[in-house]
Amino acid sequence: MVHGVPDAAESTTRRSPRRVQAVLFDFHGTLAQVEEPVTWVTAAAAACGADLDRAKATILADRLVTAGRAGGPLPRRVPIHLAEHWADRDLYEHSHRAAYTGLAETVMTDVQGLADALYDRGMGPAGWLPYADTEPTLRTLHEAGIKVAVVSNIGFDIRPHFAEWGLDGLIDAFALSYEIGRTKPDPAIFLRACGMLGVDPEHTLMVGDTPADAGAVQAGCAALVLPAAEPGRSNGLSASLALAGCSR
């Protein structure tokens, strides 16, 4: 789904398509995905000195994902004592940790320290996988001289992830909600990203996987919304290259 990009008929009869000078990318569900739940739980338990068999890890993973996992589906319910942290999770680091460790603690387990280990695993590069088309897409844009920023509703620093994956040299700026104090779809976070890159919104494309990412249209950007995919797979990112006027 493309927002703010004229189709061919419109561009030939009314005006030329905008020239894209920068592309903004969402992080979770667009450039990368969290590792599959059983691996997540098994690795976190191992960090606590516990060796879970596959069956136990699968049951525990199902319960933890249902309770609420960073990078996973929204929890079915948020306990009242976590409501404030949950509301602020993408604005403050301490609220992000408190919200997700608190949700994990609602699941009964005999592994001491598991909630914190799960959180730490989920925050580090090892707990995430870039999509198969992330590196080639970013590299093509970089080599074409098109600036790139990551714009994310997030409560922790993801720069180490890109450094670990060898992609940090392909990113020109990071506009992270907990640092900026604004969350998508607020136009302010997109405008801040454009300012970081020194590019006008009308020459900027936002690529994401949710309606919040399409909020970039309100800031004057074009927007491309793609479906999220399973970890490690391709998710159609190369579509952004055609819209940016370059191909690999």
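Helices (H or I, at least four residues) and strands (E, at least two) here are DSSP runs, numbered from the N terminus.

## Ground rules

What you're looking at is a predicted model, where local features need pLDDT of at least 70, side-chain atom pairs count only at pLDDT 80 or more, and totals for chains, interfaces and linings use all residues. Residues are numbered from 1 along each chain as its sequence is written, and side-chain values use heavy atoms, with hydrogens and water left out.

Let's start with A104, which sits in helix 5. A104 is buried, with a relative accessible area of 11%; buried means under 20% relative accessible area, exposed over 50%, and partly exposed in between (1.4 Å probe, protein chains only). Leaving aside residues up to four places away in sequence, A104 touches L64, A115 and L118, where contact means heavy atoms within 4.5 Å. A104 and L64 are 40 residues apart in sequence, yet their C-alpha atoms are 6.0 Å apart in space.

Helix 6 (residues 114-123) is mostly covered, with seven of its ten residues buried.

## Helix 2 meets helix 3

The axes of helix 2 (residues 37-47) and helix 3 (residues 54-67) come within 8 Å and cross at roughly 105°. That makes helix 2 roughly perpendicular to helix 3. For the labels, angles under 35 degrees count as roughly parallel, over 145 as roughly antiparallel, 65 to 115 as roughly perpendicular and the rest as oblique. The axes are lines fitted to C-alpha atoms, for helices over the stretch in contact, and the angles run from 0 to 180 degrees between N-to-C directions.

On the helix 2 side, P37, V38, W40, V41 and T42 make the contact, while helix 3 brings R54, A57, T58, L60, A61, L64 and V65.

## Paired strands

Strand 5 (residues 147-152) and strand 6 run parallel and are joined by four bridges; strands pair if DSSP finds at least two bridges between them. Within this pair, V150 stands opposite F174 of strand 6. In a regular strand the side chains alternate between the two faces of the sheet. In strand 6 (residues 173-176), A173 and A175 point one way, F174 and L176 the other way, and all are buried.

Strand 7 (residues 204-208) and strand 8 also run parallel, joined by four bridges, and V207 has L224 of strand 8 as its bridge partner. From strand 8 (residues 222-225), A222 and L224 point one way and A223 and V225 the other, and all are buried.

## Other spots to look at

L82 is found in the loop between helix 3 and helix 4 (83-87), and is buried, with a relative accessible area of 5%. Not counting residues up to four places away in sequence, L82 touches A98, A99, G102 and L103. T134, in helix 7 (residues 134-143), is buried too, with a relative accessible area of 1%. Among residues beyond four places away in sequence, T134 touches T30, L31, L167 and L237.

Most residues other than glycine have a negative phi, and most peptide bonds are trans. The peptide bond from K184 to P185, though, is cis, with omega near 15°. You'll find P185 in the loop between helix 9 (177-180) and helix 10 (187-197).
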